[in-house]
Amino acid sequence: MEIGVGLKWTLGVVIAIYVIGMYALAIVAQGKVETSEDYIVAGRKLPLSLAWMTLLATWFGAGTLLTAADEVNAEGLQAAALDPLGPGFCLLIAGLFVAGPIWRMKLLTLPDLFRQKYGTFAEIVASLIMIPSYFGWIAAQYIALAKMLELYFGLDLSIGIAAVAIVGTGYTIAGGMWSVTLTDAVQISLVLLGLIVLTFVVLWEIGEGQLIAGYGKVIAQTPAEHLQWIPRENAKVMWDWIAVLMVATLGNLPGQDLMQRIFAAKSARVAQGACFIAGGAYLTFGLIPVGLGLAANLLPHEIEASVLPTLAAAFLSPPVAIIFVLALMSAVLSTIDSAIIAPSSVLAQNLLSRCTTIEPLKLNRIATLIVAVGALVMAYSGETAYGLLETAYAMTLVGLFVPLMFGIYTQPRNRWSGAVSMLAGAMVWGLHQPWGYESFLEPWLAGTLPIPLEIAATVISLAAYLLCEPPWRMQWATENA
């Protein structure tokens, strides 16, 4: 896509000012950081207004705005299971069952829970499962934003990926969770404004000056199969869809990014409220790029690199298009900083601290850099953004979900139950990956009983836990209920 030289220069200047603004906020945030607790969980001082905004901004990134819109454009509403439906439902479930009890444990990282409940070995296993799961997610954000820079400026993709990584990592290192939270508040505001403006303009164009008519036209002219949220072709397709929804919903729960924001809230009630508000907002605003993905098929414009940037360039006036580009950048950068600080906190607190005497705050900053570079390597590996996103969710679901929930609500008698459960689920999932199998024991069962791999691995994780910790022996942790 070609844009005018004048607009390109204007956009470049605005982006530069925007980046400078983010770094200015990071400098302010740096002044609030004196300890590793300040760096990791913002001193447990976030009010509801900041807590829900940083939760929403954490996941409302490339997956929702770019990848999900493109997938819906190609496949219909069924593709919305991975994003936005899964993360939105996850936030609501977290508010109902997780936020209150886990906040009261006063943890810094999620593996701290595994150490308290299952011992040091389980803490290390959980950390080793959790940290790599973020690399794909971060890499997906690098790729998505780099593609947008390529679309608007013709910047080579490999250079764009490196530039995005440098910008996102720099201000995250400066102020940690305080940097992330303050920049998230600005970024998510720009995101929501940009989405609303683009939706208004696109529906106005389709409806020839009438918004409701534009919406009706999208529904009427979209093929019926693209309007189905749940597939109905056959049992296998249905199970595959359920597996994707399950991965996106439950696979996000054992994530340090989610828990870090819950831990950072100033009270259990604030943590719960933030999850509910963010979940409702995610589902509401997440449906906008989904709808635009459908609407794009009705427009006489060829979709080039991605749906939303193409629509913005085609329909928005230059000043408004610049605002929308900033909104897209904000969405992706807010996810990048959140996704980088989550695994780096685990790396520093639960792994590196065991083998070094480096001061904790400095160690956290070093770990942040290590994670950012690791994700950069994965971004150059050639995986699609959608594939990277789905892989990231699956690793935590099959390995961590079961022992997390039992760890919150019970006091295990057998300390090995958590590690055995984690290893069982992760090994079943991992052993299928070299051959690209998508169902459990695919060569033997695919024709008769095609069970999605993520579901099978999670069930095996549960079975392994129950073998070590039979239900009749469980001691419920009533203080966390």
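Colleague: Which helix gives the largest share of the lining of the second largest pocket?
Modeller: In this predicted model, α12 provides the largest share, with eight residues.

Colleague: Which helices each supply at least two residues of that lining?
Modeller: They are α8 (157-206), α9 (211-221) and α12 (268-295).

Colleague: What is the volume of the second largest pocket?
Modeller: The volume is about 330 Å³. The lining comprises 17 residues, and those closest to the pocket centre are Tyr-215, Leu-287, Val-290, Gly-291 and Leu-292.

Colleague: And how many of the lining residues are nonpolar, polar or charged?
Modeller: The lining of this pocket has 14 nonpolar residues and three polar ones, while charged residues are absent.

Colleague: Turning to the cysteines, how many disulfides does a search of the whole structure find?
Modeller: The search returns zero disulfides. For Cys-90, the nearest cysteine sulfur belongs to Cys-275 and lies 8.4 Å away.

Colleague: Is Cys-90 buried or exposed?
Modeller: Cys-90 is buried, since its relative accessible area is 0%.

Colleague: And Cys-275, buried or exposed?
Modeller: Cys-275 counts as buried, with a relative accessibility of 0%. The threshold for that class is under 20% relative accessible area.

Note on methods. Residues numbered from 1 in each chain as written. Predicted model: local features only at pLDDT ≥ 70, side-chain atom pairs only at ≥ 80, totals over all residues. Heavy atoms only, no water. 1 Å grid on protein atoms, 1.4 Å probe; cavity = no way out; pocket = protein on both sides within 12 Å on 5 of 7 lines; lining within 4 Å. Points joined across faces, edges and corners; volume = space filled by probe spheres on them. Helix = DSSP H or I, 4+ residues; strand = E, 2+ residues; numbered from the N terminus. Nonpolar A, V, L, I, M, F, W, Y, C, P; charged D, E, K, R; others polar. Disulfide = S-S within 2.5 Å. Buried < 20%, exposed > 50% of the residue type's maximum accessible area, 1.4 Å probe, protein only.
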